[in-house]
Amino acid sequence: MEIVYVYVKRRSEFGKQCNFSDRQAELSIDIPPNPELNEQFIVRDPVDRGIQCSYDMSEHEVNTERFEMETRGINHLEGGWPKDVNPLELEQTIRFRKKVEKDENYINAILQLGYVMEHCIKQNNAIDIYGEYFEEEDAVEVSDEILSAKTINVFRDPHEIKRTASHLSWHPDANRKLAVSYCCLDFQRADANMSYDSFIWDLENPNKPDITLKPSSPLVTLEYNPKDAHVLIGGCYNGQIACWDTRKGSLVAELSTIEFSHRDPVFGALWLQSKTGTECFSASTDGQVMWWDIRKINEPTEILIMDISRKGILENALGAITLEFEATMPTKFMVGTEQGTVISCNRKAKTAAEKIVCTFSGHHGPIYALQRNPFYPKNFLTVGDWTARIWSEESRESCIMWTKYHMAYLTDGAWSPQRPAVFFTTKMDGTLDIWDFVFKQSDPALSLKVCDESLSCLKVQDNGCFLACGSRLGTATLLEVSEGLCTLQRNEKNTMSSIFERETRREKILEARHREMRLKEKGKSEVKDEEGDEVKVNWPELLAQTETEYFDVINHEIKRKEAALRKSEAKCNGNLVIVFCKKFLMRKSTLVFVLRQGASWGRNNSLITLVGVECGTE
């Protein structure tokens, strides 16, 4: 791609020079007073005038010496040491200091500076420049500012068939423009007459787009080049990577070939921190992360497959939804997947398996937002399902902080670039939530209903005062938050640092405890397995013992019943046999069998047979 730089020369730097000179005053016009206007003049009566009721305080003045101040630049080295002296070596610094103290010029300079310093100290002691003149008055209590946000502008999709505003990007130069990509993300539900255009809006003119971008396929994501504000990169719905140069018009300047592009829509595309400013990388739900150079964008320079088993199999790869890249850590990047897992990667690793460093699992659905804290890069924010979670790289098993589960699905989120404790989230019910963890952690500090339809994306300006929200019907709303949400509070950095460290330490303790419990359970299962192995070894002996005990129980029961039968025979007198039946006993009755003349009875196994009897109950 051809890189063009336009040199701009101001109007005051060329043309004929203007020469100014002094001259006498001239009367251009003389307007005499009009008597008719004087008659229309109305005198105000009565007249209200405010006066000051406080005491008059005298002003104190003291004549002091005046010094002329001048600012100069100096080339300062570490401690002002010479090149031949190493400031880290204690012996060399002591030797050099003793050598300088013996110099006569050093002693004279100290004496001269000491006199001037003594004079200034005495002068400051004689004059109290911090005198309080109103100590007796009570201090005025300043009320806390009410957090608020207001709508500045609304940028609507000019086409009749509305599309979702899928991504937003601020102009890197003073944030004067906003790039919005439009795409229908409902699979196979897009209208045949739906436009593919995306727009760049001027913040001062919401009625008409400033620039129209015409891709070959709808844009899912769109990002400005931070080094060249005229260049943008976009990820298409068909998997291609497109590049625009606004100085060349609305058509695509560079486009990747479809054979070497992604197989699914490109949901993430970011610029890399490089010397040329032409390198970027992209991610898609096909499970691949590709690196590109827009000067030769036909095919990617590198491909990484998001297979957490580290085997590099594309069929097992997790679909990528979001990308995160921090310029201060150029070798690291993070990928949010549609399975709810965050994958931390190292680009400079030697093998593809080593490039996937670790994973963070905690969401029940796709991760729609992933961003590191601008003040503490080790902590990052993820937004997915019904919650937003804050993670630490030192705790991999679980997040350190999280929001409550909302009734509506969360769609996007971002940190405030000015305050480390503030972040923003959008929901499907059209609500924007602003969280301030220093103020409150259980609920958002401010909830604002932006529109009636679902919010799809969010982008915060660099100054933290303005943010833009995109909706499902293609409306981009520009909001301005109150000063309290974009101004760094006193001791806020130290407070958030202590909160992050405390929560990280707590999660480490819980992880160690869970790990110990798992080891105990594993040890118990191993003991059970060993016992099971011993049973299997002694199985024939145990089986023989069980058979012996079983037959002993049967023989004992047979002998017991025979003894009971003989006892009943001895009691029988040939006239009456009383048998207690379990069924009848439950009814609290007795079954009576009366033996008639010539009746007989016998025993078959455990059953008693009665022949020729009359049965009754009592």
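A: Let us begin with a term we will need throughout: a residue is buried when its relative accessible area is under 20%, exposed when that area is over 50%, and partly exposed in between. Keep in mind that the structure above is a predicted model.

Q: Thanks! Then how do I read a salt bridge, and how many does a search of the whole structure find?
A: Look for a side-chain nitrogen of Lys or Arg within 4 Å of a carboxyl oxygen of Asp or Glu. Searching the whole structure turns up 26 salt bridges. One of them pairs K177 with D210, and their closest N and O atoms are 3.0 Å apart.

Q: Is D210 buried, partly exposed or exposed?
A: Apply the cut-offs: D210 has a relative accessible area of 37%, so D210 is partly exposed.

Q: What about the salt bridge of E393: which residue is the partner, and where do the two lie?
A: The partner of E393 is R372, with 2.7 Å between the closest N and O atoms. This pair also links distant parts of the chain: E393 is in the loop between β20 and β21 (401–402), R372 is in strand β18 (residues 367–372), and they are 21 residues apart. Both E393 and R372 are buried.

Q: Which residue does E492 meet in a salt bridge?
A: E492 meets R419, at 3.0 Å from N to O. Again distant parts of the chain are linked, with E492 in helix α6 and R419 in the loop between β22 (410–415) and β23 (422–427), 73 residues apart. E492 has a relative accessible area of 2%, so E492 is buried. R419 counts as buried because its relative accessibility is 2%.

Q: Which residues do salt bridges with shared partners join into one network?
A: The network consists of R502, E503, R506 and E507.

Q: On to empty space. Why roll a probe over the atoms, and how many cavities of 30 Å³ or more does the search find?
A: A probe the size of a water molecule, rolled over the atoms, shows where empty space is left. In this structure the search gives 1 cavity of 30 Å³ or more, with a volume of about 40 Å³ for the largest cavity. Its lining is made of L272, F281, W291, F325, P330, K332, F333 and R347. By class, those lining residues are 6 nonpolar, no polar and 2 charged.

Q: Which residues form a nonpolar patch on the surface?
A: Select Y106, I107, I110 and L111, which together have about 380 Å² of accessible area. I110 lies in helix α3 (residues 104–126), and with a relative accessibility of 45% it counts as partly exposed.

Q: Now backbone angles: which value of phi do D385 and N491 have?
A: D385 has a positive phi near 45°, and N491 has a positive phi near 60°. D385 is in the loop between β19 (379–384) and β20 (387–392), and with a relative accessible area of 0% it is buried. N491 is in the loop between α5 (483–486) and α6 (492–537).

How values were computed:
Residues are numbered from 1 along each chain as its sequence is written. This is a predicted model: local features need pLDDT of at least 70, side-chain atom pairs count only at pLDDT 80 or more; totals for chains, interfaces and linings use all residues. Side-chain values use heavy atoms; hydrogens and water are left out. On a 1 Å grid over the protein atoms alone, a cavity is a set of points where a 1.4 Å probe fits but cannot get out, and a pocket is an open set with protein on both sides within 12 Å along at least five of seven lines; lining residues have an atom within 4 Å of a point. Grid points are joined across faces, edges and corners, and a volume is the space filled by probe spheres set on the points. Ala, Val, Leu, Ile, Met, Phe, Trp, Tyr, Cys and Pro count as nonpolar, Asp, Glu, Lys and Arg as charged, and the others, Gly among them, as polar. Patches are made of residues with over 30% relative accessible area and no salt bridge: like charges are joined within 9 Å, nonpolar side chains (Val, Leu, Ile, Met, Phe, Trp, Tyr) within 5 Å. Accessible areas come from the Shrake-Rupley method with a 1.4 Å probe; for residues, only the protein chains shown count as cover. Helices (H or I, at least four residues) and strands (E, at least two) are DSSP runs, numbered from the N terminus. Buried means under 20% relative accessible area, exposed over 50%, partly exposed in between (1.4 Å probe, protein chains only).
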